[in-house]
Amino acid sequence: MSATAPTSIVIVGAGQAGAMAATALRAQGYAGRLALVGREPHAPYERPPLSKAVLCGADAEAAAAIHADAFYVDQDIALMRGIEAVALDRARREVRLADGTTLAYDRCLLATGGQARELALLPRGTPNVHYVRTLDDARGLRACLRPGARMVVIGGGFLGLEVASTALGTGADVALVESAPRLLPNALPAPFSAWLAARAAASGLRLCLGSRLAGIATGADGRTPAAVTLESGEMLPADAIVVAIGLQPDVTLARQAGLEIDAGNGGIRVDALCRTSDPDVLAIGDCASQHRDFLGRHARLESWQNANEQARAAAAAMLGNDPPAAPYPWFWTDQFGCNIQMLGMPDAGLAYICRGVAEPAAQAPRLIWLGHRDGVPVHGVAVNAAADLRQLRVLFERGTRIEPAGFTDAGTALKPWIKACQQAAAPA
């Protein structure tokens, strides 16, 4: 990275990561030219509400905005909406836009996010088929939600489950198709996957696990999908089909500019300061692949927390400020009447213990699964117990060995148990 302080910064991508990076730059004292370029016509908004509150009503759209429009004017951030960046010229230090405009930069930040992976049988634009990645996508799906509407969700990841949960709340009849034998096998321990499946079924969701798509039956026009056929031969009628099979990182600009792309996960390879193979070009958010010490490898983290934390880290790097400490990974989701929060990520060989009542059909279940390796907590999953998980966080961050029996005993108060674990781990 150039030693001179930047006077012009261009951020490509006006989603959560890009908008928060612009905010962080101003907060950290940057007073130079700052452009935030986004292909969508909307001001930056948060994506988590798209599968939840925004699907329930247009009133939630304003609350999803990251900042009021006046913020960008007040902070002298040139928010360029509805225009795509089509080229990154590293030699000339310019970003070229679709209208032929060029933006000069001292530092360029790629926050290009990603696009919903498409299913070959059901490409975007097919009638009655929906992908949920943008505000306009959510608006289109919202128009289909009504009591009695038949919906098939393809994909049992977080997005598919959230959409299914929201649709059930509107009175729709929902079936979910997932090729894996259980829900979220890469994110949740098997006992919690089984609990979540039982919770979803108790809420009215028809789960088709270990099932694959065999074909699409069309309506009278021979063009509009009317049902999904599974390899088992089962047919699921559908007034609307939602495809939620993951994210494809958008690395087009980076690849064309010759930046290093991670062969393992397809993201733009960055260092601990979010710098790409060109130190004057940084990348953050869903499109960035960064080494994660707790995993021992490079990974892309698609999360609200990661977008915010990398935004602050990249802002510090561009300005030559000290980077913030890397936080322990945290994720959350709301589905089937539960707030589910997660610390860390699952790994092979973890032993899981559970605290709390695990009845899936309970009106307000409260429980925590804790995954540990030789007594050291690595992964936690909390249902309606966010405050408890926050208390436990210090044990994860410090690698403190725990006493499992005390954790599983609901009669043992959590706060003194945590303190006892810390005292036991302290040097003599």
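Which strand holds H130? H130 sits in strand β9, residues 129-130. This is a predicted model: local features need pLDDT of at least 70, side-chain atom pairs count only at pLDDT 80 or more, and totals for chains, interfaces and linings use all residues. Residues are numbered from 1 along each chain as its sequence is written, and side-chain values use heavy atoms, leaving out hydrogens and water.

**Overall fold**
- The protein chain has 12 helices and 26 strands. These are DSSP runs, numbered from the N terminus: helices are H or I with at least four residues, strands are E with at least two.
- Its C-alpha trace spans about 80 × 60 × 40 Å along the principal axes.

**Burial and contacts**
- Of the 428 residues, 52% count as buried. Buried means under 20% relative accessible area, with a 1.4 Å probe and protein chains only.
- Contact means heavy atoms within 4.5 Å. Among contacts between residues at least 6 apart in sequence, 59% join residues at least 24 apart.

**Around H130**
- H130 counts as buried because its relative accessibility is 12%.
- Leaving aside neighbours within four places in sequence, H130 contacts G140, L141, C144, A240, I241, V242 and V243.

**Annotated domain**
- An unreviewed UniProt entry lists residues 330-416 as "domain: Reductase C-terminal". Such annotations may be inferred rather than shown by experiment.
- Residues 330-416 are 24% helix and 40% strand, and their end C-alpha atoms lie 24 Å apart.

Key: Buried means under 20% relative accessible area, exposed over 50%, partly exposed in between (1.4 Å probe, protein chains only).
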